[in-house]
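Subject: Structure handover and findings

Hello,

Here is the structure we discussed. Please look it over, then read the notes below.

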Amino acid sequence: MPITDDMILEATQQLYSRALRKVPEDTKAALAEAMRRETNETARRTLNMQLKSAELAERKDAFVCSDSGVPVYFVKVGSKAELACDFKASIRKGYEILVETIDPPLLKHVTNPLTLERGYHGKDMPIVSYDFESGVDYVEMVCTPKALGSGRWAALELFTFPTLEQIETYILDVAIKAGAQHCPPVIMGVGIGGTFDHCAGLAKKQTLRPIGKKNDDPMLAAMEERLTDAVNALGFGPMGTGGDTTALAVHVDYSSGHGFTPVAVCFNCWINRRTSVRIWGDGRMEWGE
Amino acid sequence: MTVREHELVLPLTESAVRSLAVGDTVFLSGEIFATAGLPTHDRLLRCLDGDEALPFDMKGGALFHLGSLNEEAEDGSHHIIYMNPTTSTRFNGHMPRLIEGLGLRATGGKGGLSAESAEAMTRLGCVYLSFLGGGAQIITAAIRKVTGIGWPEMISHYRIARIEVERLGPLTVGIDAHGNSIYDLTNAKALENRSAILARMNAARAAIGKP
């Protein structure tokens, strides 16, 4: 049986709605672990309050944050998945239905950058990236609503044949510039190499990686450890009132490229909004975070 | 070190404001004003210029960078469904004049304000209170009554909501009325630590043979 438009409509709505209400389990565990290690009393209290806020939102089925962001989706189509749907049209329609029916309603955050007019809809909304996966019989969709607080501090720089020292210094400097404006403790995503566009995508996808899972590449695993320690040594702390916990994790990926090497850095705030679903043709929908 | 905790009733007196220090915890009860709109801040400045009247008497008040979904019921009463802080540094250009012009005793949101605002706060007796970003349920729970909505023709989070709150908090004093800013302190400390952190990273790389 093929995957239908109705399944995509349902997934588009549910993914967004769930992302606004529930902080992922791995993120809550990382906040709890940070609270155990944190030496600054105000920071411990803030971490405790973050966990309480997450618990309240979950229990009341309400939003964790008022900035519901702009809709961002990633779609991966399995090579063995049978499709009978118009992905682009269904995601757009699913988002339209969501905006009209979600309880409580969303605030108007979608902004025309030329006129600064705000609403629920606009050019290129929702923002969707498509990809393929070999050998699997499902479609995977991920939703990660992006808000202003953490969205505005992402940065990208182009280097030529940089050393690891140059790359890591740049990443630390992006973290210094962001300071505590992005609702820390954050999850940092880093992309190295490829091209301008590809590198930004790598960084973004690294914010979606589960926390606590060691990078398979030993060189990147060591870099992640160095960067996490370095960013936390800056001392901004939860919500910027000082402390040992500015980043819950730094996740890095790389791509081959030419000698011009982009380095991209982006952030997810502490509520780390991300939800996923795998959809099979027989109607099964396996929800994840 | 134990964190000092204060239960404060609004409107705040200058002496109450001056008794607060960076890092203190505060719970607020009484009337606050809330908006998250950049166009709202532009409009407030135009009010100070005399182009338009303020929607409320805000003198000596508490104006926070909080965005809310507010709705009007059939009987004309207003309700807030959820409310949460926005990034205050977006209003760095507005706040020094607003603090002075409105005689604000408290402002706040998340992320702090610039040194120019901190200077105005010291001179005039005002504090910046840090809210938990992503704390919508905790913050909304402190709302007792929405007593007015200013500029209802604007979109929800741009309007100015006048709200009665009870024990709104815990909030952290981010900038006090004595020239201390937790944001300036942490930024300065981060910059001061930068070379030592980079040296540690270099040593860690060298230890595994990766220059």
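The buried residues of α7(A) are covered by elements that include β8 (155–160), β9 (186–193), β10 (247–255) and β11 (260–268) of chain A. Contact here means that two C-beta atoms, placed from the backbone, lie within 7 Å. Helices (H or I, at least four residues) and strands (E, at least two) are DSSP runs, numbered from the N terminus. This is a predicted model: local features need pLDDT of at least 70, side-chain atom pairs count only at pLDDT 80 or more, and totals for chains, interfaces and linings use all residues. Residues are numbered from 1 along each chain as its sequence is written, with chains lettered from A and ligands numbered from 1 in the order in which they are written.

Helices of chain A

The buried residues in α7(A) are Cys199(A), Ala200(A), Gly201(A), Leu202(A), Ala203(A), Lys204(A), Gln206(A) and Thr207(A). Buried means that 20 or more other C-beta atoms lie within 10 Å of the residue's own; exposed means 12 or fewer, and partly exposed is in between, with C-beta atoms placed from the backbone. The helix covers residues 196–207, and its end C-alpha atoms are 18 Å apart, which agrees with the 16 Å that 12 residues should span at 1.5 Å a residue. The expected span is 1.5 Å times one less than the number of residues.

α8(A) takes in residues 218–233. Its 16 residues reach 23 Å from first C-alpha to last, close to the expected 22 Å. Met223(A), Glu224(A), Arg226(A), Leu227(A), Ala230(A), Val231(A) and Asn232(A) are buried in α8(A). Their cover includes α6 (164–178), β9 and β10 of chain A, together with α6 of chain B.

α3(A) runs over residues 41–60. Its 20 residues reach 28 Å, close to the 28 Å expected. Its buried residues include Arg44(A), Arg45(A), Leu47(A) and Gln50(A). Among the elements covering the buried residues of α3(A) are α1 (5–21) and α2 (25–37) of chain A, and α5 and β8 of chain B.

Strand pairing in chain A

Strands count as paired if DSSP finds at least two bridges between them. β2(A) (residues 72–78) pairs with β6(A) (residues 127–133) in the parallel sense, over 7 bridges. β2(A) also joins β7(A) (residues 139–143), antiparallel, through 5 bridges. Val77(A) has Phe132(A) as its bridge partner in β6(A) and Val139(A) in β7(A).

Chain B has 6 helices and 8 strands. Its C-alpha trace spans about 70 × 35 × 35 Å along the principal axes. Of its 211 residues, 49% count as buried. The domain assignment, automatic or from a database, gives domain 1 (5–180) and domain 2 (182–211) of chain B. Their C-alpha centres lie 36 Å apart.

The contact between the chains takes 47 residues from chain B and 50 residues from chain A. On the chain B side, the elements giving two or more residues are β3 (62–72), β4 (78–85), α5 (136–140), β8 (160–175) and α6 (182–207). α6(B) gives the most, with 15 residues.

Regards
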